[in-house]
Amino acid sequence: MSTSGTPGARLAVYPGSFDPITNGHVDIIERGLRLFDRVVVAVLRNETKAPLFSAAERVQLIRDVFRDRPGLEVDTFDGLLVDYAAARGAAVIVKGLRSIADYEYESQMALMNRRLRPAIETMFLMPAEPYAYTSSRLIKEVCRLGGDIRGLVPPLVEDRLQRTFAAARDPLNAPRHV
Ligand code: PNS
């Protein structure tokens, strides 16, 4: 974890699991980059969710999608998000808000984070309409079951998901019991 940056630059942290990054995430990152000098995409490392991709793989996929985009940094974090944001010198946490279904959970987190660190503000951004109903979880499920996920994730992520699930289906790759 680094604490680099120009003093006074407006920095936002955009946290999440990103397992994997979707076009909804890309949309929020693009909006964040229009509002802030720098956006740090912070990939949660210590997960109990048994992610499909390791933190290093998730970071690499995001970096590959954005290819050294100015103003964008991809990092990992664990522990409290507000502590990470404070250590990075960010005054704002950006979150995507897709629908009313997100609101209850997200508002709880935002208020808890405010209680923990009142100086850090949570800013909710709405993605473009086509991404209002998508999530990494649904996209993985659809892809695993052979459905079409084109347009919901960047092409390189689609390719990676197809290959990951194809490998899992391939009997040669299945675990052997002797
Ligand atoms: O993409 P996700 O899984 O919805 O992201 C959830 C995330 C990483 C934003 C959330 O789990 C989080 O902030 N985790 C860090 C631990 C923390 O600070 N917990 C207290 C939140 S009030």
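Student: Which loop holds F18?

Tutor: This is a predicted model, where local features need pLDDT of at least 70, side-chain atom pairs count only at pLDDT 80 or more, and totals for chains, interfaces and linings use all residues. Residues are numbered from 1 along each chain as its sequence is written, and side-chain values use heavy atoms, with hydrogens and water left out. Helices (H or I, at least four residues) and strands (E, at least two) are DSSP runs, numbered from the N terminus. On that numbering, F18 sits in the loop between strand 1 and helix 1.

Student: Is F18 buried or exposed?

Tutor: Most residues other than glycine have a negative phi. F18 isn't a glycine, yet its phi is positive, about 50°. For the cut-offs, buried means under 20% relative accessible area, exposed over 50%, and partly exposed in between (1.4 Å probe, protein chains only). With a relative accessible area of 2%, F18 is buried.

Student: Which residues does S136 touch, not counting residues up to four places away in sequence?

Tutor: S136 is in helix 5, and at 12% relative accessibility it counts as buried. S136 and N23 are 113 residues apart in sequence but 9.6 Å apart in space, C-alpha to C-alpha. Taking contact as heavy atoms within 4.5 Å, S136 touches D19, P20, T22 and H25.

Student: What arc do the buried residues of helix 2 fall within, seen down its axis?

Tutor: Those buried residues are A55, R58, V59, L61, I62 and F66, and they pack against helix 1, strand 2 (38–44), strand 3 and helix 6. An α-helix has 3.6 residues a turn, so residues three or four places apart point the same way. The arc is taken over the directions from the helix axis to the C-beta atoms. Down the axis, the buried residues of helix 2 line one face of the helix, because they fall within an arc of 160°.

Student: At what angle do helix 2 and helix 6 pack?

Tutor: Axes are lines fitted to C-alpha atoms, for helices over the stretch in contact, and angles run from 0 to 180 degrees between N-to-C directions. Helix 2 (residues 55–66) and helix 6 (residues 155–169) have axes 9 Å apart, and their packing angle is about 145°.

Student: Which residues of helix 2 and helix 6 make the contact?

Tutor: By class, 4 residues in this contact are nonpolar, none are polar and 3 are charged. Ala, Val, Leu, Ile, Met, Phe, Trp, Tyr, Cys and Pro count as nonpolar, Asp, Glu, Lys and Arg as charged, and the others, Gly among them, as polar. Helix 2 brings E57, L61, D64 and V65, while helix 6 brings L156, V157 and R160.

Student: What is the relative accessible area of D68?

Tutor: D68 lies in the loop between helix 2 and strand 3 (72–77). D68 isn't a glycine, but its phi is positive, about 55°. D68 is exposed, with a relative accessible area of 77%.

Student: What distance separates the C-alpha atoms of R67 and A91?

Tutor: R67 follows helix 2 and has a positive phi, near 40°. R67 is exposed, at 68% relative accessible area. Along the chain, R67 and A91 are 24 residues apart, and their C-alpha atoms are separated by 26 Å.

Student: Which elements do the buried residues of helix 3 pack against?

Tutor: The buried residues of helix 3 (residues 81–88) are L81, V82, Y84, A85 and R88. They cover an arc of only 160° around the axis, so they sit on the same side of helix 3. Just after helix 3, G89 takes a positive phi of about 75°. The buried residues of helix 3 pack against strand 1, strand 2, strand 3, strand 4 and helix 4.
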